[in-house]
Amino acid sequence: MNAPYLLIWFKDGDAHAAELCDLPHAFVYSGQTFHRVSGYFGDADYLRDADNRLVGFGYAFAVDKREMALYEGLLSQSTSVRRGDGMLMVLLASGPFEIECVQAMGSELYRSQAGAMMVVVPNSGFGNLAFKLAAAEVPWPENFEDRE
């Protein structure tokens, strides 16, 4: 994957991902608008399988109450989001993995008024993916004008 970002969202408890070229102000998805949450969300470590394919992302648990509230909100979104080894893990593929300490800086969190969340992770060398990117029913960046 060569796009500068990966967008992750949750539908029916499953995590989905798509390439993203720019960071919009907001996304529209499933009748909801997701606005960017201000402030620091965290830096991602990459989670890789035995074939060195990307399976997900890990965020070190912080002691900050605000960050913990965001992490707890993500945990409630999907069984693909888990807590373990002092990390919040967003898994896009199942199976064993190792933590690659990448510290991809600049992950962004988007949230709807209903509390649903999306995560945008910067590409600091994703490499091969162990999951398929979504091609349909993808959240739409709100500030893009060329909608079909």
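Colleague: What makes Asp49 and Arg53 a salt bridge?

Modeller: A salt bridge requires a side-chain nitrogen of Lys or Arg within 4 Å of a carboxyl oxygen of Asp or Glu. In this predicted model, the closest N and O atoms of Asp49 and Arg53 are 2.7 Å apart, so the pair meets that definition. Side-chain atom pairs count only at pLDDT 80 or more, and local features need at least 70, whereas totals for chains, interfaces and linings use all residues. Residues are numbered from 1 along each chain, and side-chain values use heavy atoms, without hydrogens and water.

Colleague: Why is Asp49 called buried?

Modeller: Buried means under 20% relative accessible area, exposed over 50%, and partly exposed in between (1.4 Å probe, protein chains only). Asp49 has 13% relative accessibility, so Asp49 counts as buried.

Colleague: Why is Glu137 called exposed?

Modeller: Glu137 has a relative accessible area of 54%, so Glu137 is exposed. Lys11, at 30%, counts as partly exposed.

Colleague: Which side chain meets that of Glu72 in a salt bridge?

Modeller: That of Arg83, at 2.6 Å from N to O. Glu72 lies in helix H1 and Arg83 in strand E7, so this pair ties together parts 11 residues apart in sequence.

Technical notes: Helices (H or I, at least four residues) and strands (E, at least two) are DSSP runs, numbered from the N terminus.
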